[in-house]
Amino acid sequence: MTAVICETEFGMPNLNRVLSRTTIPVADIQVGANSGGAGLPSLVETKVALTPTYLVAGRRYALV
């Protein structure tokens, strides 16, 4: 899976203006839920390591 931070245009991600990109191997993607206490599910998260990127105040960005 590829994850990107990009600028937006008219409220939609603009994939021509990508600021940061990373690829996550399929083996590292977590799905489902573990059993939590009192019968409640505990969500499983997949951590995405993106390169730190400077953003400009007042602009809108998307994580795709």
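Visitor: Which backbone oxygen does the side chain of Thr22 reach, and at what distance?
Guide: Please note that the model is predicted. Thr22 has its place in strand β2. A polar contact requires a pair of N or O atoms within 3.5 Å. The side chain of Thr22 meets the backbone oxygen of Ala49 at 3.4 Å.

Visitor: Which residues does Thr22 touch, not counting residues up to four places away in sequence?
Guide: A contact here means heavy atoms within 4.5 Å. With residues up to four places away in sequence left out, Thr22 touches Met1, Thr2, Ala3, Val48, Ala49 and Leu50.

Visitor: Is Thr22 buried or exposed?
Guide: The relative accessible area of Thr22 is 16%. A residue counts as buried under 20%. Therefore Thr22 is buried.

Visitor: Is Phe10 buried or exposed?
Guide: Phe10 lies in the loop between β1 and β2. Its relative accessible area is 79%, and the term exposed applies over 50%. Phe10 is therefore exposed.

Visitor: What is the phi of Phe10?
Guide: Most residues other than glycine have a negative phi. Phe10 is not a glycine, yet its phi is positive, at about 55 degrees.

Visitor: How many helices and strands does the protein have?
Guide: Read along the sequence, the pattern is β-β-β-β-β. The count is accordingly 0 helices and 5 strands.

Visitor: What is the order of the strands in the open sheet?
Guide: Strands of a sheet pair through backbone hydrogen bonds, either parallel or antiparallel. In this open sheet of 3 strands the pairing is antiparallel, and the order is β2-β1-β5.

Visitor: Which strands stand at the edges of that sheet?
Guide: An edge strand here has a single partner strand, so one side of it is left without a neighbour in the sheet. This holds for β2 (12-23) and β5 (61-63).

Visitor: Which residue in β5 is the bridge partner of Ile5?
Guide: Strand β1, residues 2-9, runs antiparallel to β5, and 3 bridges join them. The bridge partner of Ile5 in β5 is Leu63.

Visitor: What share of the residues in the protein is buried?
Guide: The protein has 64 residues, and it exposes about 5300 Å², of which carbon and sulfur atoms supply 56%. Buried residues make up 16%.

Technical notes: Residues numbered from 1 in each chain as written. Predicted model: local features only at pLDDT ≥ 70, side-chain atom pairs only at ≥ 80, totals over all residues. Heavy atoms only, no water. Pairing = 2+ DSSP bridges. Helix = DSSP H or I, 4+ residues; strand = E, 2+ residues; numbered from the N terminus. Buried < 20%, exposed > 50% of the residue type's maximum accessible area, 1.4 Å probe, protein only. Areas by Shrake-Rupley, 256 points an atom, 1.4 Å probe, with all protein chains shown as cover. Polar contact = N/O pair within 3.5 Å; in protein donor to acceptor, adjacent residues only side chain to side chain.
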